[in-house]
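Subject: Structure handover

Hello,

Here is the structure I promised to pass on. Please open it first, then read the notes below.

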Amino acid sequence: MSDRRRPPVKNPDEILENVFAGHREALIGGRENGKRYLLNFLEKFNSIPNAVKFFIYDLLAEDAYQIDDLVLCRQAVDRAGGYLEEARANNIRQFTEYLPSLRFIERGISIAVDAGEYESALSFCDLAIEIGLGKAYAAKRASIEKMLL
């Protein structure tokens, strides 16, 4: 019997770098291509670490929002939120570097406000404040609270 070679196993950092590089390349053809790339990546690889899924869904939320696929955007926002703690705990360096470009919270707020779901929008603001996204979200929270009056 011959020895079968096992495919190389990539660590989460390598997978994440592949996602970012592939997504950047796909975006050259527009947001629709970026969305397609991310969906294909999720479908093709069945053992993506949860911490990496956070970043994929965050990118997907933005792509979907930009092409007015609000159903997919909302799903991506929800999934990114579900994997947030995993990314914060297991990809500390990448998460910290990525934080200024984080999109799912902003998109979640937009979708919630447009749907009249102000409590949900306030929750997103609180999450943004909690993870250190700054005073802008405190101001956004105050603005949303005024809508409730």
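**Leu99 and its contacts**

Leu99 touches Ile131 and Leu133, leaving aside residues up to four places away in sequence. Contact here means heavy atoms within 4.5 Å. Leu99 and Leu133 are 34 residues apart in sequence, and their C-alpha atoms are 7.5 Å apart in space. Leu99 sits in the loop between α5 (92-98) and α6. Leu99 counts as buried because its relative accessibility is 15%. The cut-offs are these: buried is under 20% relative accessible area, exposed is over 50%, and partly exposed is in between (1.4 Å probe, protein chains only).

**How to read the model**

This is a predicted model, in which local features need pLDDT of at least 70 and side-chain atom pairs count only at pLDDT 80 or more, while totals for chains, interfaces and linings use all residues. Residues are numbered from 1 along each chain as its sequence is written, and side-chain values use heavy atoms, with hydrogens and water left out.

**The chain as a whole**

The chain has eight helices and zero strands. Helices (H or I, at least four residues) and strands (E, at least two) are DSSP runs, numbered from the N terminus. The C-alpha trace spans about 75 × 30 × 25 Å along its principal axes. Of the 149 residues, 40% count as buried. The accessible surface comes to about 9000 Å², and carbon and sulfur atoms hold 50% of that. Those areas come from the Shrake-Rupley method with a 1.4 Å probe; for residues, only the protein chains shown count as cover. Take the contacts in the chain with a separation of 6 or more: residues 24 or more positions apart account for 61% of them.

**α6 against α8**

Two packed helices are described by the angle between their axes and the distance between the axes. Helix α6 (residues 104-114) and helix α8 (residues 135-148) pack at about 10 degrees, with axes 13 Å apart. Axes are lines fitted to C-alpha atoms, for helices over the stretch in contact, and angles run from 0 to 180 degrees between N-to-C directions. α6 and α8 are therefore roughly parallel to each other. Under 35 degrees counts as roughly parallel, over 145 as roughly antiparallel, 65 to 115 as roughly perpendicular, and the rest as oblique.

Which residues meet? Ile105, Glu106, Ile109 and Val113 in α6 meet Tyr137, Lys140, Ile144 and Met147 in α8. The residues of this contact divide into six nonpolar, no polar and two charged. (Ala, Val, Leu, Ile, Met, Phe, Trp, Tyr, Cys and Pro count as nonpolar; Asp, Glu, Lys and Arg as charged; the others, Gly among them, as polar.)

**Other residues to look at**

- Arg107 is also in α6. Arg107 counts as buried, at 9% relative accessibility. The side chain of Arg107 makes a polar contact with the side chain of Glu62 (2.6 Å). A polar contact is a pair of N or O atoms within 3.5 Å; within protein, one must be able to donate a hydrogen and the other to accept it, and residues adjacent in sequence count only if both atoms are side-chain atoms.
- His23 is in helix α1 (residues 12-27). His23 is buried, at 4% relative accessibility. Beyond residues up to four places away in sequence, His23 touches Gly34, Tyr37, Leu38, Leu59 and Asp63.
- Asp68 lies in the loop between α3 (50-66) and α4 (70-90). Asp68 has a positive phi of about 60 degrees although it is not a glycine. Asp68 counts as exposed, at 65% relative accessibility.

Best regards
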